[in-house]
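Please look through the sequence and the model below before reading on.

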There are 2 protein chains.
Amino acid sequence: MTSPRWAVEAESTLLDRVVFNDQGLVPAIAQDVTTREVLMMAWMNREALELTLREGRAWYYSRSRQELWRKGDTSGHTQHAQRVRLDCDGDAVLLDVVQVGPACHTGSASCFDAEATGD
Amino acid sequence: MTSPRWAVEAESTLLDRVVFNDQGLVPAIAQDVTTREVLMMAWMNREALELTLREGRAWYYSRSRQELWRKGDTSGHTQHAQRVRLDCDGDAVLLDVVQVGPACHTGSASCFDAEATGD
């Protein structure tokens, strides 16, 4: 066995520094590396974060379905993490991603795209 | 009395569509309108979001101190919201902000700036 290595640019101690909440989850923000749009916010447990760092595909934890899911496995709209960062107090994750197709299940590029502007 | 108006670009029904968690909170992501950096993630209760929409200054709710706080009141590093959006399922908020000075209490421009890259 060779020693494991990150497929993703990330601090080597990242996993040990994450402050998961009392449900074992941490919010994860995905930002498009090209457009710089914030695409979505979802939740990760430790396993989802480990898988993301290992595979370079974004994994999340569904609180409603209580299961891990890999972004794009159903829709084909895969998300490829290039860099993973923690915030200063370790309780939020930021992913720089290459997004294939729309990030949102509604077909919008971003889950934050739906707003009207006051009218 | 004149009718209230948003100081911030936001969907008029935004407040009614927010899905607060069982603690009455919603995660809020602040993105710099100029640099496009994701600056921080914090929490808002309904009052913090209402104040942000009304004032155009970013308000958050501190879970540890259990109180509202207005970004920059202590540090001087104020945050001015230009646009507020909800995600597709209403359980995350995205703020486009003009950030005065560093967003992070560590002095970094972003709370996600502290990472080393694998070394």
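## Terms and model

A salt bridge is a side-chain nitrogen of Lys or Arg within 4 Å of a carboxyl oxygen of Asp or Glu. This is a predicted model, in which local features need pLDDT of at least 70 and side-chain atom pairs count only at pLDDT 80 or more, while totals for chains, interfaces and linings use all residues. Residues are numbered from 1 along each chain as its sequence is written, chains are lettered from A and ligands numbered from 1 in the order in which they are written, and side-chain values use heavy atoms, with hydrogens and water left out.

## Salt bridges in chain A

Over all chains, the structure holds 24 salt bridges. In one of them, the side chains of Arg70(A) and Glu55(A) meet at 3.1 Å, N to O. This pair links distant parts of the chain, since Arg70(A) lies in strand β5 (residues 67–70) of chain A and Glu55(A) in helix α2 (residues 46–55) of chain A, 15 residues apart; helices (H or I, at least four residues) and strands (E, at least two) are DSSP runs, numbered from the N terminus. Arg70(A) is partly exposed, with a relative accessible area of 24%, and Glu55(A) is also partly exposed, at 36%. Here buried means under 20% relative accessible area, exposed means over 50%, and partly exposed lies in between (1.4 Å probe, protein chains only).

A further salt bridge joins Glu67(A) to Arg65(A), whose closest N and O atoms are 3.0 Å apart. Glu67(A) counts as partly exposed at 38% relative accessibility, and Arg65(A) counts as partly exposed at 47%. What is the state of Arg85(A) and Asp96(A), buried or exposed? Both Arg85(A) and Asp96(A) are buried, and they form a salt bridge in which the closest N and O atoms are 3.3 Å apart. The two residues link distant parts of the chain, with Arg85(A) in strand β6 (residues 79–86) of chain A and Asp96(A) in strand β7 (residues 93–99) of chain A, 11 residues apart. Salt bridges that share partners join Arg85(A) and Asp96(A) with Glu9(A) and Arg83(A) into one network.

## The fold of chain A

Chain A has 2 helices and 7 strands, and along the sequence they follow the pattern β-α-β-β-α-β-β-β-β. Of its 119 residues, 48% count as buried. The accessible surface of chain A comes to about 5800 Å², of which 47% belongs to carbon and sulfur atoms; such areas come from the Shrake-Rupley method with a 1.4 Å probe, and for residues only the protein chains shown count as cover. Among the contacts in chain A with a separation of 6 or more, 46% are between residues 24 or more positions apart, where contact means heavy atoms within 4.5 Å.

## A hairpin and a helix in chain B

In chain B, strand β2 (residues 26–32) and β3(B) pair in the antiparallel sense over 6 bridges, and two strands pair if DSSP finds at least two bridges between them. Ala28(B) stands opposite Ala42(B) in β3(B). The two strands form a hairpin with 5 residues between them, and Arg36(B) in the turn has a positive phi of about 70°. Because 7 of the 7 residues of strand β3 (residues 38–44) of chain B are buried, this strand is largely enclosed by the rest of the structure.

Helix α2 (residues 46–55) of chain B has buried residues, including Ala48(B), Leu49(B) and Leu51(B). Just after α2(B), Gly56(B) takes a positive phi of about 80°.

## Aromatic pairs

Rings of Phe, Tyr and Trp (its six-membered ring) pair if their centres lie within 6.5 Å; planes under 30 degrees apart count as stacked, over 60 as edge-to-face and the rest as tilted. The count comes to 3 aromatic pairs over all chains. One of them is the tilted pair of Tyr60(A) and Trp69(A), at 5.3 Å centre to centre with 35° between the planes. Tyr60(A) is buried, with a relative accessible area of 0%, whereas Trp69(A) counts as partly exposed at 25%.

## Where the chains meet

The contact takes 34 residues from chain B and 34 residues from chain A. Chain B and chain A bury about 2800 Å² between them, 59% of it on carbon and sulfur atoms; buried area is the accessible area (1.4 Å probe) that two parts lose on being put together, summed over both. Between chain B and chain A the count is 4 salt bridges. The side chains of Arg36(A) and Glu37(B) meet in a salt bridge at 2.7 Å, N to O.
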